[in-house]
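This report is an introduction for a reader new to the structure. Please look at the sequence and the model before going on.

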Amino acid sequence: MANTGVLPFVRGVDFSSNDFSEGKFPESVRLMTGIQWLKLDETNLTEIPEEMGKLLKLEHLSLVKNKLERLYGELTELCCLRTLNIRRNNIKSSGIPAELFHLEELTTLDLSHNNLKEVPEGLERARSLLNLNLSYNHIDTIPNTLFIHLTDLLFLDLSDNKLETLPPQTRRLANLQTLNLNHNPLGHFQLRQLPSLMNLIALQMRDTQRTLNNIPSSLETLTNLQELDLSQNDLPRVPDALYSLVNLRRLNLSDNQITELSTAIELWTKLETFNICRNKLTAIPASLCKIVTLRRLYLNDNQLDFEGIPSGIGKLSSLQVFSAANNRLEMIPEGLCRCGSLKKFNIIL
């Protein structure tokens with residue numbers, strides 16, 4: 001890279017997909033003293049280049065898909081850093097300096113798809129964090145201290161780890177809007193903290209060993225919840241607590257053991273997408289036809305026959321997708337012909 005007087009005025013550079021292995025990182029980067037964002041994705045980096053220590057105005061740094069095992073080096077000097085994305089590396093918990101979390105401007109941290117076996121030491125000091133992604137690691141415990149000060153968190157992704165429980169302090173995340181716990185062995189976790197997360201908009205609990213015994217009896221405080229994923233669990237019916245979620249827009253209950261739906265589903269007056277594929281349903285209650293907001297209905301791989309589809313389904317004036325493949329339907333349910341918005345239907349036997 002040419003050493004010119006222009007470099008101090010550069011505000012952002014995307015170096016992605018270059019080969020910066022074996023000391024090939026351009027030394028002239030140290031002259032980009034005014035740079036605010038830098039992408040170094042897929043550049044074969046094995047360590048943090050020392051030239052980055054000069055980029056004191058850097059706010060956004062992406063190091064996705066490299067070969068980093070540790071973050072010791074210059075990152076702790078970047079006092080303006082707001083976003084740090086280190087997804088898909090080989091970072092170990094011992095390779096992250098606690099000083100990194102002293103950066104007062106850091107609001108977004110992505111450490112997903114790494115080799116973390118525990119939460120990095122000192123993470124609880126990153127008090128400005130709004131978005132935290134620790135998914136696809138090997139973390140089996142969340143320390144009690146983590147959420148004491150991270151009370152501004154809006155987005156938290158802990159999916160695809162080895163978590164069996166969450167600390168009581170989780171209830172302190174009163175501002176949290178998205179919580180992803182997918183694919184964790186949380187069978188003994190009772191979710192008692194869940195009703196305290198009153199600003200929650202999206203909750204993903206796919207494959208978390210949910211049963212009727214480990215879901216709170218009441219979720220009526222979650223008045224903002226719009227998206228819920230409880231797929232790939234062991235539910236024989238819809239938990240009663242779910243019927244109090246009157247603002248649900250998207251509900252995924254696929255891959256459970258559900259044999260019937262209660263007439264109370266009519267309480268989901270704002271539901272737009274309902275996925276209950278791969279269960280054991282033989283009939284859909286007529287009260288479903290009162291959910292006039294419903295746009296997408298997925299019923300694949302159940303045991304529904306023609307009589308199991310309510311005749312009033314034509315009242316679903318907003319329905320755009322009806323999918324009921326691999327059931328016992330021998331003909332198109334007559335009511336579907338009255339769904340004026342229908343764009344796609346699938347009843348392949």
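## Loops with positive phi

Aspartate 207 sits in the loop that runs between β9 (202-204) and β10. Strands, like helices, are DSSP runs numbered from the N terminus: helices are H or I with at least four residues, and strands are E with at least two. The phi of aspartate 207 is near 50°, a positive value in a residue other than glycine. With a relative accessible area of 32%, aspartate 207 is partly exposed. Here buried means under 20% relative accessible area, exposed means over 50%, and partly exposed lies in between (1.4 Å probe, protein chains only).

Glutamate 22 also has a positive phi, about 55°, although it is not a glycine. The loop between β1 (12-14) and β2 (37-39) holds glutamate 22, and this residue is exposed at a relative accessible area of 77%.

## Basis of the model

This is a predicted model, in which local features need pLDDT of at least 70 and side-chain atom pairs count only at pLDDT 80 or more, while totals for chains, interfaces and linings use all residues. Residues are numbered from 1 along each chain as its sequence is written, and side-chain values use heavy atoms, with hydrogens and water left out.

## The chain as a whole

The chain has one helix and 15 strands. It has 349 residues, of which 50% count as buried. Its C-alpha atoms fill a box of roughly 75 × 45 × 30 Å along the principal axes.

The domain assignment gives domain 1 (1-113) and domain 2 (259-348); such bounds come from an automatic or database domain assignment. Taken over C-alpha atoms, the centres of domain 1 and domain 2 are 50 Å apart.

## The loop between β10 and β11

Serine 231 lies in the loop between β10 (227-229) and β11 (250-252). Serine 231 is buried, at 0% relative accessibility. Its side chain is joined to that of aspartate 229 by a polar contact of 2.6 Å. A polar contact is a pair of N or O atoms within 3.5 Å; within protein, one must be able to donate a hydrogen and the other to accept it, and residues adjacent in sequence count only if both atoms are side-chain atoms.

Aspartate 240 is placed in the loop between β10 and β11 and is exposed, with a relative accessible area of 52%. The side chains of aspartate 240 and arginine 237 make a polar contact (3.2 Å). Aspartate 240 and serine 262 are 22 residues apart along the chain, and their C-alpha atoms are separated by 9.2 Å.

## Cysteines

How many disulfides does the structure hold? There are zero disulfides, a disulfide being a pair of cysteine sulfur atoms within 2.5 Å. Cysteine 79 is in no disulfide, and the nearest cysteine sulfur, that of cysteine 80, is 4.3 Å away. Cysteine 79 is partly exposed, with a relative accessible area of 47%.

Cysteine 289 is buried, at 6% relative accessibility. The closest cysteine sulfur to that of cysteine 289 belongs to cysteine 339, and the distance of 8.6 Å is too far for a bond.
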